[in-house]
Amino acid sequence: MEQVSANRSHGGTQGVYTHQSAATGTAMTFSVFVPDHAKGAKLPVLWYLSGLTCTHANVTEKGEFRAACAEHAVIFIAPDTSPRGDDVPDDDGYDFGKGAGFYVDATLAPWRTHYRMRTYMEQELPALVAEHFSADMARQGITGHSMGGHGALTIALRNPGRFSSVSAFAPIVSPLSCPWGEKALGGYLGSDRASWAEYDACALIAGGARLPDLLVDQGTADNFHDGQLKTHLLADACEAAGQLATIRMQDGYDHSYYFISTFMADHVRWHAERLKRGV
């Protein structure tokens, strides 16, 4: 692992790191904010997964999370959305290929060689973080935006007991039920829709998977809501299954980081309250 940059901010250190990934077969970049803490202390971790076209840099530069993370003593980690490199296959569309890894392990050629973001997020990067940072891996929360909200929800649902708190900003709640999801899952996994269910939050909840708690914020002025995000499907799935969830429709907010940064501190606080219960 190599440090790309380190900057003091809000009583902590914002770092950017790169490493060679065994999961993706490429160099991967991620950012980590670590609040100042006593020597030997371990801090809880909040993972943030980004959306389509994004890298680690979008939330790192525009997310406005550092003051809240410093206040609540929470490490904030933002990985990239997909593998990068000249040898990595890509697509002309913004919603497939580089910048659109969808947090799956692809099974179809040519994508299966490098597009293994599920393994990267569920196994490789957590092990790296545990080794190199002052992270208490017994106290983890996860959140994300749009495609990253889909990633946060499905990773948490597939790994019961790993995350003490789960939230999302304008998540893709059911890739089985939207054009973005149909293109991505069909392209990475093939035409057998039954194999897609493990990457669909609504399907996982209907199948019995559960979260300890859930917070979702969705803007009413989000132009992707009706065709792609479909928050009502998640609300219906949670109600039918008895899944505890707070789903808030925020009046006038769109899909941008103006929306995310407005509610980021509230999400960090919400996660911190639940992560502290594990002390």
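Helix H9 (residues 257–276) lies across E4, strand E5 (75–79), E6, E7, strand E8 (215–219) and E9, and runs at about 170° to E7. Helices (H or I, at least four residues) and strands (E, at least two) are DSSP runs numbered from the N terminus; axes are lines fitted to C-alpha atoms, for helices over the stretch in contact, with angles from 0 to 180 degrees between N-to-C directions. The model is predicted: local features need pLDDT of at least 70, side-chain atom pairs count only at pLDDT 80 or more, and totals for chains, interfaces and linings use all residues. Residues are numbered from 1 along each chain as its sequence is written, and side-chain values use heavy atoms, without hydrogens and water.

The nine strands of an open sheet follow the order E1-E2-E3-E5-E4-E6-E7-E8-E9, with mixed pairing, where pairing requires at least two DSSP bridges between two strands. Strand E1 (2–9) and strand E9 (246–250) form the edges, each pairing on one side only. The twist averages 20° from one strand to the next. Helix H4 (residues 147–158) also packs on the sheet, touching strand E4 (43–49), strand E6 (135–144) and strand E7 (163–169), contact being heavy atoms within 4.5 Å; the direction of H4 makes about 135° with that of E6.

Strands E2 (residues 12–20) and E3 (residues 27–35) pair in the antiparallel sense over nine bridges, and His19 stands opposite Met28 in E3.

In total, the protein comprises nine helices and nine strands. Its radius of gyration is 17 Å, close to the 19 Å that the globule rule gives for 279 residues, so the protein is as compact as a globular protein of that length; the radius is taken over C-alpha atoms, and the rule is 2.2 Å times the number of residues to the power 0.38.
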